[in-house]
Amino acid sequence: MNDGSSNASSPFTLAVCAEMVFKSLPVVDRLKRISDLGFHAEIWDWTKHDIAALARSGAVFSSMTGYVTGTLADDEGADELLRTAKQSIPIARELNCPRLNLHGTGLDGQGLPVVKADKVTGAMWLKARDTLSRIADLGEKEGVTFVLENLNEAVDHPKTPFAKAEDTLALVSSVNRPALKLNLDLYHAQIGEGNLIELCRRALPHVGEIQVADVPGRMEPGTGEINYKAIAGALKDMGYRGTIGMEAWASGDDETALARFRDAFTV
């Protein structure tokens with residue numbers, strides 16, 4: 001198992017989403033390649049994987065989807081979210097995975113919201129906060145951290161409630177519990193809001209992880225408009241020393257894409 005020591009030149013722990021690179025390989029082989037290159041690994045829906053095989057892969061897991069179905073802002077959906085979040089915790093333990101990722105609503109196979117929202121009402125905000133308080137209770141009881149990810153509506157996830165980073169930051173900061181943090185996805189935030197360095201600065205006290213990809217195209221840093229080298233330097237100066245996860249497609253060769261990612265966050 002690689003312990004990530006080849007990340008020593010970066011002040012951050014660097015992780016790579018195994019769902020999006022080395023796509024020609026079975027997932028266990030992807031994990032081995034990611035690990036051999038010195039990165040931690042991330043996965044999405046755990047129900048689609050052989051968990052015992054993943055645990056034997058030697059990969060160090062950084063995050064995984066922390067629910068199967070459910071939503072934040074209605075009674076039935078909230079109960080379902082809590083039910084499947086509880087199911088996810090023993091899987092996270094088997095993989096020694098410290099963070100369990102959440103969204104404002106479940107996403108289908110195309111990344112579209114299972115429950116679409118043309119408008120998010122005040123009652124929905126209050127219900128979402130209550131649901132996340134229950135999630136924080138669960139996380140504290142079980143010793144795990146749930147992270148709420150921002151998404152974008154313009155390109156990938158139209159009509160997703162609580163999609164913007166401003167929304168996820170408002171919810172997480174209002175709950176303000178150690179078992180609930182932000183998964184601040186800068187790819188989604190660039191599409192939805194921009195002003196990324198200032199967003200990082202404001203969100204920093206509540207950040208559990210930062211995910212990255214470039215815009216447009218959702219490929220590795222260095223392929224689009226985001227100055228990730230400047231963001232990396234700003235994060236270092238802010239004192240962030242946590243995980244940066246590349247949740248991006250490779251623009252060409254996978255190892256080259258991962259090398260570009262590492263270079264962007266070596267400051």
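User: Which helix does Thr168 lie in?
Analyst: This is a predicted model, and in it Thr168 belongs to helix α5, which covers residues 165–175.

User: Is Thr168 buried or exposed?
Analyst: Thr168 is buried, because its relative accessible area is 0% and buried means under 20%.

User: What is Thr168 in contact with, leaving aside neighbours within four places in sequence?
Analyst: The contacts of Thr168 are Leu148, Glu149, Asn150, Phe162 and Leu182.

User: Ok, zooming out. How many helices and strands does the protein have?
Analyst: There are nine helices and eight strands.

User: What percentage of the residues count as buried?
Analyst: Of the 267 residues, 55% count as buried. The accessible surface comes to about 10900 Å², and carbon and sulfur atoms hold 50% of that.

User: Which residues touch the most other members in the largest nonpolar core?
Analyst: Phe146, Ile244 and Phe265 do, in a core of 77 residues. Helix α3, residues 75–95, gives the most to this core, with seven residues. As a general point, nonpolar side chains in soluble globular proteins tend to be buried together.

User: What does Phe146 touch, not counting residues up to four places away in sequence?
Analyst: The list for Phe146 includes Ala85, Ile89, Leu100, Leu102, Ile135 and Leu138. Lys181 is also one of the residues that Phe146 touches.

User: New topic: where is Ala232?
Analyst: Ala232 sits in helix α8. Its relative accessibility is 0%, so Ala232 counts as buried.

User: How many residues apart along the chain are Ala232 and Val267?
Analyst: They are 35 residues apart along the chain, with their C-alpha atoms separated by 6.7 Å. Ala232 touches Val267, along with Phe12, Ala264 and Phe265, if residues up to four places away in sequence are not counted.

User: What about Arg241, where does that lie?
Analyst: Arg241 is in the loop between α8 (228–238) and β8 (243–246).

User: How many residues apart in sequence are Arg241 and Thr13?
Analyst: Arg241 and Thr13 are 228 residues apart in sequence and 7.4 Å apart in space, C-alpha to C-alpha. Across the protein, residues 24 or more positions apart account for 74% of the contacts with a separation of 6 or more.

User: Now the backbone. Which residues does a cis peptide bond join?
Analyst: Val215 and Pro216 are joined by a cis peptide bond, with omega of about -5°. Pro216 lies in the loop between β7 (207–212) and α8. For background, most peptide bonds are trans, and most residues other than glycine have a negative phi.

User: What phi does Phe22 have?
Analyst: Phe22 is not a glycine, but its phi is positive, about 50°. Phe22 is in the loop between β1 (13–17) and α1 (27–36). With 5% relative accessibility, Phe22 counts as buried.

User: And what phi does Arg218 have?
Analyst: Arg218 has a positive phi of about 55° and is not a glycine either. Arg218 is found in the loop between β7 and α8.

User: Is Arg218 buried or exposed?
Analyst: Arg218 is buried, since its relative accessible area is 11%.

Technical notes
Residues numbered from 1 in each chain as written. Predicted model: local features only at pLDDT ≥ 70, side-chain atom pairs only at ≥ 80, totals over all residues. Heavy atoms only, no water. Core = buried A, V, L, I, M, F, W, Y, C linked by side-chain atoms within 4.5 Å. Buried < 20%, exposed > 50% of the residue type's maximum accessible area, 1.4 Å probe, protein only. Helix = DSSP H or I, 4+ residues; strand = E, 2+ residues; numbered from the N terminus. Contact = heavy atoms within 4.5 Å. Areas by Shrake-Rupley, 256 points an atom, 1.4 Å probe, with all protein chains shown as cover.
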